[in-house]
Amino acid sequence: MSNGLSIREQIAKRIAEDLHEGYIVNLGIGIPVMVSNFVSKEKEIIYHSEQGVLGMGSAASEEEADPDLINASKEPVTLVSGGSFSHSADSFAMTRGRHIDVAVLGGMQVSEKGDLANWKVKGAELGSIGGAMDISIGAKKLYIAMTHTTKDGQPKIVKELDYAVTALNCVDRIYTDMAVIDVTKEGLVLREVSPGYTVDDVQKATEPKLIVSLL
Amino acid sequence: MNIINNLNSFTILIIHDKLLINHDTETVFLVSSIMYEGNSIIYELGDIEIMINKVANSAEEAVSNIKDGSTILFGGFGGAGVPYELIKALLNQGAKDLIAVSNNPGLHHTGLAALIENDRIAKIMCSFPISKDSYVFLKKFKERKIDLELIPQGTIAERLRAGGSGIEAFYTPTGVGTEVAEGKEIKEFDGVTCILEKAIKGDFAFVKAKRADRWGNLVYNKSGRNFNPLMAMAGRISIAEVDEIVDLGQLDPECIVTPGIFVQHVVKRSES
């Protein structure tokens, strides 16, 4: 990629542009947690973290680290001024009760109806759900950050999921290394094509038919 | 010698005609004799006044009554807010065939992982069984030594809140269309499809808090709070492991997170 960022960082940087002043945002593990690195420090955005932190700050230095103040990936973090703690039921009331403006989660597959699979590898007996199902059904807007295809080139944006479902009809927008795609009632709408790719390239790497309506 | 012959003037509780608890003054008396005069009962009370004191002498004492097959709620998220000393005491106490409710199955060989490693846990109810640090659970699961009920994290929290609040079940859209919904009643409310989830109650709850007083009021440390207040509510006998025990009145009533009514025993950590 051009500016020295990895593919994953490129995706995170693009999502950061769509997080606006005043939003309450939940970032999942993987690409999503990288998003806050690209959000301008001028913007006042409140980060929610599932284990009961509203107003999560940056990673904690060794001196600041407290084993009782961690993010969803169990890494030590800080709290911003105005931040607060809550128990898990109140924390999930924030997600399940539609109080989170935007949640950004990783994805294994997204269907053209906006169904999401992101908690269990295909064919695996076990996986970890954590907060994924609660956040998917409850966020006002759900953005998915993922590579456009699997490592062996298979589309991750599919007609029907064949991975274990996280939630149905929940995804609003998909950000990949190739494109930005909105999930609408009419179908998947291609909004942006990343530099170096054509509309055709994106369609070929996507199973359902895309409606092209570039911004 | 205390003699009470007008019980109506006190908010009291008499236990097996042996102990008289005056809730107005938070004192406990031993009943030394009982006399009947007409319709009145006169309790003669011993000199000893025992204040309400939930502070146990040790973690070992606090967990001593836990029986095989008990359901135990374990606070904690990852390594934050885990009642490690109570778990260690339970490991030494020996109870087995336990049902554990906990977000995670313990990191490395510590906490719940130590109980799982020693085949004490027959079944775990959790949201995040698989992570790079929970290899002990994975090994025992593959050996079919432990059962798993996989539950979304918010649903565990809400099932515990329900369990502590007299709500036997509730409907939620979390899990609709997923394997979590298998075998559960489905119902639609205002266009939202939901599944029926049942309350979780524990015979015991192990809670980690920062500070307590002798009434069992608790405050927590940062995100170490997580599931702990909910488990305190949902446990029939809730035991709090705390860093510090302070005098009554030292915890700001506006800031107490778990009122002592939800806590039966308090244990001060031996390590800081």
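This is a predicted model: local features need pLDDT of at least 70, side-chain atom pairs count only at pLDDT 80 or more; totals for chains, interfaces and linings use all residues.
**Notebook: a strand glycine and the A–B contact**

I started at A:Gly57, which sits in strand E3 of chain A, the run of residues 53–59.

**Entry 1, around A:Gly57.** I asked which residues A:Gly57 touches once those up to four places away in sequence are not counted. I found A:Val77, A:Thr78, A:Leu79 and A:Val80. I also looked up A:Ile7, which is 50 residues from A:Gly57 along the chain. Their C-alpha atoms are separated by 25 Å.

**Entry 2, the interface as a whole.** Next I turned to where chain A meets chain B. I noted 37 residues from chain A and 42 residues from chain B in the contact. How much area is buried between the two chains? I have about 3,100 Å² written down, with 60% of that area coming from carbon and sulfur atoms. On the chain A side, I see that A:Asp68, A:Arg96 and A:Leu126 lose the most area to chain B, and together they make up 20% of what that side buries.

As for handedness, I have H3(A) passing H5(B) in a left-handed crossing.

I then listed who meets whom. From H3(A) come A:Ser88, A:Ala89, A:Asp90, A:Phe92, A:Ala93 and A:Arg96. From H5(B) come B:Gln153, B:Gly154, B:Thr155, B:Ala157, B:Glu158 and B:Arg161. Sorted by class, I get four nonpolar, four polar and four charged residues in this helix contact.

**Entry 4, salt bridges.** How many salt bridges does the structure hold over all chains? I have 31 in my notes. Across the interface of chain A and chain B, the rule finds four. I looked at a pair joining the two chains: the side chains of A:Asp66 and B:Lys222 meet in a salt bridge, at 2.8 Å from N to O.

A:Arg96 came up again here, this time within chain A. I found A:Arg96 in a salt bridge with A:Asp134, with 2.6 Å between the closest N and O atoms. This pair links distant parts of the chain, 38 residues apart: A:Arg96 is in helix H3, and A:Asp134 is in helix H4 (residues 132–138) of chain A.

**Last jotting.** I keep A:Arg96 flagged: this residue meets H5(B) as part of H3(A), and A:Arg96 also pairs with A:Asp134.

Definitions and conventions. Residues are numbered from 1 along each chain as its sequence is written. Chains are lettered from A and ligands numbered from 1 in the order in which they are written. Side-chain values use heavy atoms; hydrogens and water are left out. A crossing is left-handed if the near helix is turned anticlockwise from the far one by less than a right angle, and right-handed if clockwise. Helices (H or I, at least four residues) and strands (E, at least two) are DSSP runs, numbered from the N terminus. Contact means heavy atoms within 4.5 Å. Ala, Val, Leu, Ile, Met, Phe, Trp, Tyr, Cys and Pro count as nonpolar, Asp, Glu, Lys and Arg as charged, and the others, Gly among them, as polar. Buried area is the accessible area (1.4 Å probe) that two parts lose on being put together, summed over both.
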